[in-house]
Amino acid sequence: MRPFDILVKCAILAGAVALGFSTEAQAGGKLTVYTYESFTAEWGPGPKVKDAFEKQCSCTVDFVAVTDGVALLNRLKLEGASTKADIVLGLDTNLTYEASQTGLFAPHGIDTNAVAIPGGFKDDTFIPYDYGYFAVIYDTQKLKTPPASLKELVEGDPKQKIVIEDPRTSTPGLGLLLWVKSVYGDKADEAWAKLKDRVLTVTPGWSEAYGLFTKGEAPLVLSYTTSPAYHLIAEKTDRYKAASFAEGHYLQVEVAAQTKNGAKNPLSAQFLGFMTTPAFQDTIPENNWMFPAAKTSTALNSAFDSLVKPAKTLILSSEEVARNRKAWIDEWLASMSM
């Protein structure tokens with residue numbers, strides 16, 4: 001570039017700043033999305049979602065990632081009304097009632113008729129973008145006979161270790177907590193006291209837990225019935241499988257919502273509507289390794305047909321979880337530390 005051209009460009013940029021414009025504003029603004037780390041990983045849906053939406057909106061999408069879904073709610077509570085988040089993506093239906101009680105979210109006003117998940121879901125604030133079932137994944141090269149029930153997991157050989165996630169920071173960790181509560185009820189503390197001897201470690205989020213599992217640190221890990229699809233499709237191996245539990249599997253529905261601050265940004269509503277379209281949903285099956293909550297442009301890979309299909313779907317109401325989450329976590333902590 002010639003010196004004269006450089007001077008002209010500098011003058012133009014200086015003028016834009018003086019007028020209160022930014023290149024970001026000229027390009028259509030910025031959308032700040034709080035989510036979890038595995039969503040924004042290079043192999044996760046985040047990069048593809050960012051690219052697809054930015055092409056639609058001529059804007060900038062800024063992902064801010066924390067460890068896992070429960071950590072999202074914790075961060076939002078800490079930031080309160082001063083949060084920079086326009087969109088919070090990665091809570092699940094176990095947390096929606098508690099999240100709504102913060103007063104930090106705004107109604108979406110989006111047509112959600114395209115959304116289809118087991119049992120249905122209608123809410124003025126939260127919109128599902130995927131769903132899945134929690135499962136214990138096992139390494140067939142290390143474990144020939146996996147547990148066939150939650151009872152067998154709890155009472156099984158303590159030498160066969162499992163990696164689980166922390167319910168205080170992780171939605172899978174909270175999911176296991178609720179799964180045990182759904183099956184054992186008032187005797188959940190006894191179940192945890194038995195299971196603790198099988199727990200190799202408790203990680204803050206899913207990524208750390210699954211990484212330890214695939215590195216061979218333990219033959220079992222808490223994940224999803226859909227996790228083996230990744231290994232079948234991406235790695236061409238059926239080494240890792242989900243154990244089918246006789247009592248059924250706990251359902252997780254992941255959701256997104258706009259904050260009250262985000263409702264002032266027109267990009268927020270645009271993004272929530274975009275979530276229900278194939279442009280977003282196409283990224284879910286083979287990047288987030290969950291089931292899409294709305295139609296994709298093509299059929300799912302046949303690997304998804306081979307996955308464990310729960311005999312029974314377990315789920316507690318969001319209101320019940322909100323009322324009891326602290327007490328149930330305290331129960332878990334006490335039992336695991338005995």
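Predicted model: local features only at pLDDT ≥ 70, side-chain atom pairs only at ≥ 80, totals over all residues.
Trainee: How do you know that the chain agrees with a compact globule?

Mentor: A compact globule of 338 residues would have one near 20 Å. The chain has 22 Å, which agrees. Along the principal axes, its C-alpha atoms fill a box of roughly 75 × 45 × 40 Å.

Trainee: What makes a residue count as buried, and what share of the chain does?

Mentor: The cut-off is under 20% relative accessible area. Of the 338 residues, 50% count as buried. The accessible surface of the chain is about 15100 Å², and carbon and sulfur atoms hold 54% of that.

Trainee: What share of the contacts comes from residues 24 or more positions apart?

Mentor: Take the contacts with a separation of 6 or more. Residues 24 or more positions apart account for 77% of them. A contact here needs heavy atoms within 4.5 Å.

Trainee: Which secondary structure elements does the chain have?

Mentor: There are 15 helices and twelve strands.

Trainee: Why is a space called a pocket rather than a cavity?

Mentor: The way out decides. In a cavity, a 1.4 Å probe fits but cannot get out, whereas a pocket is an open set. The largest pocket holds about 420 Å³ of space. Its lining has 21 residues, and Ser 38, Trp 43, Trp 206, Asn 288 and Trp 289 are the closest to its centre. Two or more lining residues come from each of α8 (171-184), α10 (206-214), α11 (227-234), β10 (249-259) and α14 (284-288).

Trainee: Which element gives the largest share of that lining?

Mentor: That is α10, with five residues.

Trainee: How do the residues of this lining divide into nonpolar, polar and charged?

Mentor: Nine are nonpolar, ten polar and two charged. Trp counts as nonpolar, so Trp 43, Trp 206 and Trp 289 fall in that class.

Trainee: What about the second largest pocket?

Mentor: It holds about 290 Å³ of space. There are 19 lining residues, with Thr 93, Thr 96, Phe 121, Ser 318 and Glu 319 nearest the centre. α6 (96-100), β10 and α15 (318-336) each give two or more residues. The most come from α6, with three residues.

Trainee: What makes Glu 319 a charged member of this lining?

Mentor: Glu is on the charged list, so Glu 319 counts as charged.

How values were computed:
Residues numbered from 1 in each chain as written. Heavy atoms only, no water. 1 Å grid on protein atoms, 1.4 Å probe; cavity = no way out; pocket = protein on both sides within 12 Å on 5 of 7 lines; lining within 4 Å. Points joined across faces, edges and corners; volume = space filled by probe spheres on them. Helix = DSSP H or I, 4+ residues; strand = E, 2+ residues; numbered from the N terminus. Rg over C-alpha atoms; globule rule 2.2 N^0.38 Å. Buried < 20%, exposed > 50% of the residue type's maximum accessible area, 1.4 Å probe, protein only. Areas by Shrake-Rupley, 256 points an atom, 1.4 Å probe, with all protein chains shown as cover.
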